[in-house]
Amino acid sequence: MNESLPASTQTQALLSTNALKIWAIIAMVCDHFPYMLQPWQEAYYSFPWFLLHAFGRITAPVFFYLLALGYRRTRNANRYTVRLLIFALLSYVPYIWYFHNAPPDAQNFHNLNVIFTMLFGLLLLRALHEIRNTALKAVCVVLCLLGGWWCDYGLYGLAVILICDIARGSRRGTVLGMGAAMMVFVYANISSVFPDSAGPFGYLAGFSQNPRILAYLIVLLCQLLPLILIARHRVWFPGLAAEPRPGALAKWGFYIFYPAHITALLLIRLLLLA
């Protein structure tokens, strides 16, 4: 449930929804910029680029959290769904071209951007809450999971969205649930990238032999950074004035910025750095 606002907290800066979005957008630009200069493997493992990627871990969990919150607040879920679909499609070609160094082809066409992740997450929530027929609900849930498998952040992204929906109204439940999902994600990723490290204790011994493990682990552990911001979201504290409904810029800003900044970075790389 929501928490009362302690006296000591009254002088501290709580974060509005727009502030969360701004933090996420700044982190997103930091995360994506290194791909303009070098392949992703070098960007993730090389100093100082991996620090930008570490800061960039703020973005996706914040928007997954805001998606679950937005679904509960939206006046029209159909419009929300169509909006996500439109901007996911607008981002499709520049995303693949920028992050996979080639226009969509037979090898990379299935790599879907994070707005697709949010789209399948929204469809998952709608299936769970709006479909009454059990068989149809099960089919739609499976289809959402299959679609999410091909998206950026994959099933982890859908899990975070679902956790935020289940724990709605509870700051502690949201933060702990997201944190647990993030730790599973961290372990799964580092195990897949460094399979020869023989488990968590093997990673410790491997740091001295392969510094890339440490850099990658730092990036992954920074998945926890957005929890600090989410825990300070003003929605958790009653007694505060309600946030005004978002204007056009706040509502559409992220969706426009996402394909726009990837396209701009792609064009800079193609025209100036080729």
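## Helices and overall make-up

Helices here are DSSP runs of H or I with at least four residues, numbered from the N terminus. The model is predicted.

The protein holds 13 helices and 0 strands, and its pattern along the sequence reads α-α-α-α-α-α-α-α-α-α-α-α-α. It has 274 residues, of which 47% count as buried.

## Packing of H6 and H7

Two packed helices are described by the angle between their axes and the distance between the axes. For helix H6 (residues 114-130) and helix H7 (residues 134-149), the angle is about 165 degrees and the axes are 9 Å apart. Angles over 145 degrees count as roughly antiparallel, and H6 and H7 are therefore roughly antiparallel to each other. The crossing of H6 past H7 is left-handed.

On the H6 side, the contact uses Phe-120, Leu-123, Leu-124, Ala-127 and Leu-128. H7 contributes Lys-137, Cys-140, Val-141, Cys-144, Gly-147 and Gly-148. Sorted by class, the residues of this contact are 8 nonpolar, 2 polar and 1 charged.

Ala-138 also belongs to helix H7. Its relative accessibility is 42%, so Ala-138 counts as partly exposed. The C-alpha atoms of Ala-138 and Leu-128 are 8.6 Å apart, with the two residues 10 apart in sequence. Leu-128 is one of the H6 residues in the contact with H7.

Helix H1 (residues 17-32) packs against helix H4 (residues 59-73) at an angle of about 145 degrees, and their axes are 9 Å apart. H1 and H4 cross in a left-handed sense. From H1, the contact takes in Thr-17, Leu-20, Lys-21, Ala-24, Ile-25, Ala-27 and Met-28. Across from them, H4 supplies Thr-59, Val-62, Phe-63, Tyr-65, Leu-66 and Arg-73. The contact of H1 with H4 comprises 9 nonpolar, 2 polar and 2 charged residues.

H4 also meets H8: their axes come within 8 Å and cross at roughly 45 degrees. That angle makes H4 oblique to H8. Here the crossing is right-handed. The H4 residues involved are Pro-61, Phe-64, Tyr-65, Leu-67, Ala-68 and Arg-72, and they meet Tyr-156, Gly-157, Val-160, Ile-161, Cys-164 and Asp-165 of H8. This contact divides into 9 nonpolar, 1 polar and 2 charged residues. Tyr-65 of H4 takes part in the contact with H1 and in the contact with H8.

## The segment before H1

Ser-16 is located in the segment before H1. With a relative accessible area of 25%, Ser-16 is partly exposed. Leaving out residues up to four places away in sequence, Ser-16 touches His-233, Arg-234 and Glu-243. Ser-16 and Arg-232 are separated by 216 residues in sequence, while their C-alpha atoms are 8.7 Å apart in space.

Asn-101 is not a glycine, yet its phi is positive, near 60 degrees. Asn-101 is exposed, with a relative accessible area of 55%. Asn-108, in contrast, is buried at 6% relative accessibility, because buried means under 20% relative accessible area. Apart from neighbours within four places in sequence, Asn-108 contacts Ile-96, His-100, Ala-102 and Pro-103.

In the loop between H7 and helix H8 (154-166) lies Tyr-153. This residue also has a positive phi without being a glycine, in this case about 75 degrees. The relative accessibility of Tyr-153 is 15%, so Tyr-153 counts as buried.

Definitions and conventions:
Residues are numbered from 1 along each chain as its sequence is written. This is a predicted model: local features need pLDDT of at least 70, side-chain atom pairs count only at pLDDT 80 or more; totals for chains, interfaces and linings use all residues. Side-chain values use heavy atoms; hydrogens and water are left out. Axes are lines fitted to C-alpha atoms, for helices over the stretch in contact, and angles run from 0 to 180 degrees between N-to-C directions. Helices (H or I, at least four residues) and strands (E, at least two) are DSSP runs, numbered from the N terminus. Angles under 35 degrees count as roughly parallel, over 145 as roughly antiparallel, 65 to 115 as roughly perpendicular and the rest as oblique. A crossing is left-handed if the near helix is turned anticlockwise from the far one by less than a right angle, and right-handed if clockwise. Contact means heavy atoms within 4.5 Å. Ala, Val, Leu, Ile, Met, Phe, Trp, Tyr, Cys and Pro count as nonpolar, Asp, Glu, Lys and Arg as charged, and the others, Gly among them, as polar. Buried means under 20% relative accessible area, exposed over 50%, partly exposed in between (1.4 Å probe, protein chains only).
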